[in-house]
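This report looks at one predicted model.

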Amino acid sequence: MSPDHPPGLDLDRLRGLLDRERPGLVTGPLSGRLIEGGRSNLTYAVTDRTAHWVVRRPPLGHVLATAHDMKREHRVISALHPTDVPVPRPVLLCEDDEVLGAPFYVMEFVEGTPYRTAEQLAPLGPERTRAAVLNLVDTLVGLHAVDPAEAGLADFGRPDGFLDRQLRRWAKQLDASRNRDLAGIDELHATLGRELPRSPAPTVVHGDYRLDNVLIGGENDEIRAILDWEMSTLGDPLTDLGLLAMYSSPLGMPDSPVSTTAQAPGHPGPAELIERYATRSGRDVSAVAWYTAFAWFKLAVILEGIHYRYTLGQTVGRGFDRIGDLVPVFIEHGLTTLQEG
C-alpha cells in the first residue's frame, strides 16, 4: 500500500463510516499515515487537507481482543474530556470489524511533541525541561483528583485487591517467558508480596504515565493531551507515581535500547517529583519506595518477555539483541529501591 494508505487503514471504508455517522465532518479525500512510536496499538494520523484526526486500532493479526480494548480507551477519554484532564476530543467508536478488520476509534488530532529521550529534550534547555516535567506531575495530580463516579467511571475497574492482582499478573507474565536464570527477580517479587502497602482511595489510573505518553506544545510547553490509555483502570494512584519516579531515574547504561529522559539537563529527580506530588495531592507517599520498586519489577518482566521473543526469532528491528542485558539492571534497581526505602 502507498504511504497515504498504510496497512490496517482502509480510507474508503473509514470515509464511508464518517459520512454516515458524522455527516459533514469530512470535506475532502482522506489520506493517512502510521504514527511511529506506538508500543502496542496502531495509531494513524488522517486528514482531508482541512482537518486532522487520529485513528487508533489493535495491531494487525491481533488475537486477544481484551488486550487491545478500543471501547475501553474510547470510554475513558470520553469521560475525561469534559474535565480539566487534557485528552483528545473523541469523535466516534466503531465496534464493527467489517470496516477496518478490528474495532477502532477516531479522536481529534492534537498538536504537540512526545519527548522520548534526553537528546530530544536537550534543545528546550534546563529551565523549560524542568518546568515541563514538573507540569507532568501536576497533570497527574489533576487526573487523580477526578471523581470516578462523577465522571461515569465508577465501574471502570476493580480497585479492591488491586495491588495483589497486579503483582500476581506480572508474576504470571514472568513465568510465561522464563528461559534463563535471573538472579534476584524471585527475591524482588517475594519482597514486594510481603510488604504490600495499603492502598489509598482508588482513582482513575493511567497505567503507563510518563513524558513520552503526553503531547507538549505551545509557548508555555503545556501538556496538551495525555495519550495511550490502554492500561487505564480504577486502582491505586501511587502506581502511576511509582512508574513516573522509575522513568525519572537514570539507568546508568550508555546507549541503552530502553531510553529515559532522566539525564536531560534540568530534569528533576525522583525525590523532587514525589515531593511535589505529595504536596499538591495531599496523599501519603511514605510507601512510594514499594511502588517504585514494583515499577522496576514490572518493566523487568516486560523486557524479559521481549528478550524471550527475541531468542525465538519473533522480533524484528534494531536493539532487541541488547534488551536481555537490561533486565538484571532493572532487577537490581528494584531491590536497591526496596532496601534503601
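## Salt bridges

A salt bridge here is a side-chain nitrogen of Lys or Arg within 4 Å of a carboxyl oxygen of Asp or Glu. By this rule the predicted model has 17 salt bridges.

One network of salt bridges links Arg56, Glu73, Asp228 and Glu230.

## Pairs between helices H5 and H9

Arg130 and Glu272 form a salt bridge, with 2.6 Å between the closest N and O atoms. Because Arg130 lies in helix H5 (residues 125-144) and Glu272 in helix H9 (residues 270-281), this pair ties together parts that are 142 residues apart in sequence. Arg130 is partly exposed, at 35% relative accessibility, and Glu272 is partly exposed at 30%.

Asp138 and Arg280 also meet through their side chains in a salt bridge, at 3.3 Å from N to O. Asp138 is in helix H5 and Arg280 in helix H9, 142 residues apart, and the pair links distant parts of the chain.

## A pair within helix H6

In the salt bridge between Arg168 and Asp164, the N to O distance is 3.0 Å. Both residues belong to helix H6 (residues 162-176) and are four residues apart, about one turn of the helix. Arg168 is partly exposed, with a relative accessible area of 47%; Asp164 is partly exposed at 34% relative accessibility.

## Helix H1

Helix H1 spans residues 11-21, and its buried residues are Leu11, Leu14, Leu17 and Leu18. Seen down the axis of H1, these residues fall within an arc of 120°, so they line one face of the helix. Elements covering the buried residues of H1 include strand S1 (31-34), strand S4 (90-94) and helix H3 (97-100).

The face of H1 turned away from the buried side carries the exposed residues Asp12 and Arg20. At the start of H1, a side-chain oxygen of Asp10 comes within 3.2 Å of the backbone nitrogen of Asp12.

Terms used: Residues are numbered from 1 along each chain as its sequence is written. This is a predicted model: local features need pLDDT of at least 70, side-chain atom pairs count only at pLDDT 80 or more; totals for chains, interfaces and linings use all residues. Side-chain values use heavy atoms; hydrogens and water are left out. Buried means under 20% relative accessible area, exposed over 50%, partly exposed in between (1.4 Å probe, protein chains only). Helices (H or I, at least four residues) and strands (E, at least two) are DSSP runs, numbered from the N terminus. The arc is that of the directions from the helix axis to the C-beta atoms. Contact means heavy atoms within 4.5 Å. A polar contact is a pair of N or O atoms within 3.5 Å; within protein, one must be able to donate a hydrogen and the other to accept it, and residues adjacent in sequence count only if both atoms are side-chain atoms.
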